[in-house]
Amino acid sequence: AEEGLARRFPGRLHLDDYTPDELAAICEMTSRTRHQREFEPGLREKLARHIENFYWRDISQQNAGLSINLTEQALDRQIVRIVSEHPQAFAVGPSGGGGDAGRPPAAVQFVRQRSHTDMQQVKEKVAFFTAADFGIEERPTLGDPEMRARVKLEVQRLTGMANVKAFFQEMSRTVAFVERGGDPRVLQTSLNLRLVGNPGTGKTTVARLIGRYLYAHGILPRDTFVERNALALKGQFVGQTAPTVIEAVRDAMGGCLFIDEAYALADRGGDKFSGEVIRTLLTEVENHRTGLLVVLAGYADKMDLLMDSDPGLRRRFSTELQMEDYSPEELAEICEFAAADRLRLTFAPGLRVQLARHIREKHGHEIRQHNGGLAVTLAERAFRKLATRLGDPAASDAAICGAAARELLPEDFEIAPAGASAPSAAPSSSSAAPAVPQRRELGAPLEPRGGPPPPERGRGG
C-alpha cells in the first residue's frame, strides 16, 4: 500500500501455528497454573491425538485459544462427573436440631450431609484431569445423535433418488469407520461436489440435506446453508468480483455454500468477469478444502462446459451426483405428498395409480422440463377443480363442510373414467358459435391447432 512501509519495517517474523503436541502441552500448563489440576498419566499424548483428529480445522483460527477453551470445558465436565459419582458428598437435607421452642415448624434449616470418606475421595479426584474430562472416548460418537436420526429419516422419505440414498449410506459408513476406531483423517478430505440434473429434480433439497447430514455427523462444524446464484457472484465493475466471492465463502464458512446455475460462471458470452470469479472461487475452495462444503448445481450438458473452462474445477469438484428425472409413479407419489403437506388434502382410494398412468399418457413430454414442479402444479390445479366442483350452487353445504371437501377424485385431475371413450367431434355448422379460446396452464396437455383428433379407424364412431 505504501512503499515507505517496507523500507522502514524491513524485518519480518512469521509466527507458525501450534502443533497438536504443543497445544496439548499448553492445556497441561493451563490446567496446572489456572485450575490447580494435574494430568493423569498418559493424558497429554491422548489429548495431542484427540486435537489432531477432531480439532484440526480450529487450529489455524484459534491456536492457543483452543487450548484454553478445551481446558475450561474439561473443568466443567470434571465437576459434573464428580458430582454424579459422589452425590452423597453434595447432598442437602434438614438439620437435626430441634431449634427454639417459639420458632415456627416451617422454618427448618438445611445443611449439607457430608461424609468424611466421600469428601476425601472428592478431593483426590479433583486434583487430576482424566481423558473423559476432555471428551476423549475409546469409541467416540460423532455429532448429535438426535439430529442424526432426524436427518436419516428425511433421507429415507425422499421419493426415488436411489443413487442419492446410496451416497448418504456411503457417508454414514465412513463415519461408522471412524467411530469404530478407524483413522479420523478420512474425514479430513475434500467435501466439494457437483449436482447435475434437469429442473425440478431436487438439487437444492439434496444439497441442504447433505449439509445437515455432515453437520449432524460432526464432519462440518456449523449448520449453515448459504445459497448464491452464479450470476450474483460476478461483479458489475472491476474489483468487485473477488470480494463478492470471498464474502459468500465467509458467510458459509464451516457449513455449505450452494451455487445454483453454476454453469453461468463460465465465460461463454465475452463476460470479462468470468475468469476472475472462477479463479477466486478455486483459491477459496483450496484454502478451506476441509472446513467448507461447496456444491455446484446445474444442467448436465452446461456443467460439462463449465468443468472444461478451467482444469482446476474438475480436480477440486471431482465428485458428481446425477439427479435423475422422476418416473410417473414417483411424480404421483410426490403429488399425493404435496396435496397432503401443503393443501391438507387426501387422495381417493386408487387415485395414485390412476394419476401415474395419467401422467405417463398426458404429461410424459413435460417431465424433463418440470419434474417435481409438475407434480406440485397438478396438485394445485386439482385443488381448484375440487373447489369448482363443490362450489356448484346445486351442491349441498354438507358436502363442502364434510370429508368430501378434503378428498381429491380422479375427475379433479381430469382423468376420464375407465372405459370411457373420447367424445366424437361435433359436425361443423355455419350457425355454430365460435370457439372461445381458453387459458392453458402449466401441466395441461397441448392440443393440435385443428381441434381434438378424430377417432382412430376401426374403433366405432
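Me: At what angle do the axes of helix α15 and helix α16 cross?
Reply: In this predicted model, the axes of helix α15 (residues 328–343) and helix α16 (residues 351–362) cross at roughly 125° and come within 8 Å, where axes are lines fitted to C-alpha atoms, for helices over the stretch in contact, and angles run from 0 to 180 degrees between N-to-C directions. The arrangement of α15 and α16 is therefore oblique (angles under 35 degrees count as roughly parallel, over 145 as roughly antiparallel, 65 to 115 as roughly perpendicular and the rest as oblique).

Me: And which residues make the contact between α15 and α16?
Reply: From α15 come Pro-328, Glu-329, Leu-331, Ala-332, Glu-333, Cys-335 and Glu-336, and from α16 come Arg-352, Leu-355, Ala-356, Ile-359 and Arg-360, with contact meaning heavy atoms within 4.5 Å.

Me: Before I go on, what should I know about the model and its numbering?
Reply: Residues are numbered from 1 along each chain as its sequence is written, and side-chain values use heavy atoms, with hydrogens and water left out. Since the model is predicted, local features need pLDDT of at least 70 and side-chain atom pairs count only at pLDDT 80 or more, while totals for chains, interfaces and linings use all residues.

Me: How many helices and strands are there in the protein chain?
Reply: The protein chain has 19 helices and eleven strands, taken as DSSP runs numbered from the N terminus (helices H or I, at least four residues; strands E, at least two).

Me: How much of the protein chain is buried?
Reply: Of its 461 residues, 38% count as buried, which is under 20% relative accessible area, with exposed over 50% and partly exposed in between (1.4 Å probe, protein chains only).

Me: Which residues have the most contacts inside the largest nonpolar core?
Reply: Leu-195, Leu-293, Leu-408 and Phe-413 do, in a core of 57 residues; a nonpolar core is a set of buried Ala, Val, Leu, Ile, Met, Phe, Trp, Tyr and Cys residues joined through side-chain atoms within 4.5 Å. Apart from it lies another core of 28 residues, including Ile-259 and Leu-265.

Me: New topic: where is Glu-40, and what does Glu-40 touch?
Reply: Glu-40 sits in the loop between β1 (38–39) and α3 (43–54) and, leaving aside residues up to four places away in sequence, touches Phe-128, Phe-129, Thr-130 and Ala-131. Glu-40 counts as partly exposed because its relative accessibility is 23%.

Me: What about Gln-322, where does that one lie?
Reply: Gln-322 belongs to strand β9 (residues 319–323) and is partly exposed, at 28% relative accessibility. Not counting residues up to four places away in sequence, Gln-322 touches Asn-163, Val-196 and Gly-197.
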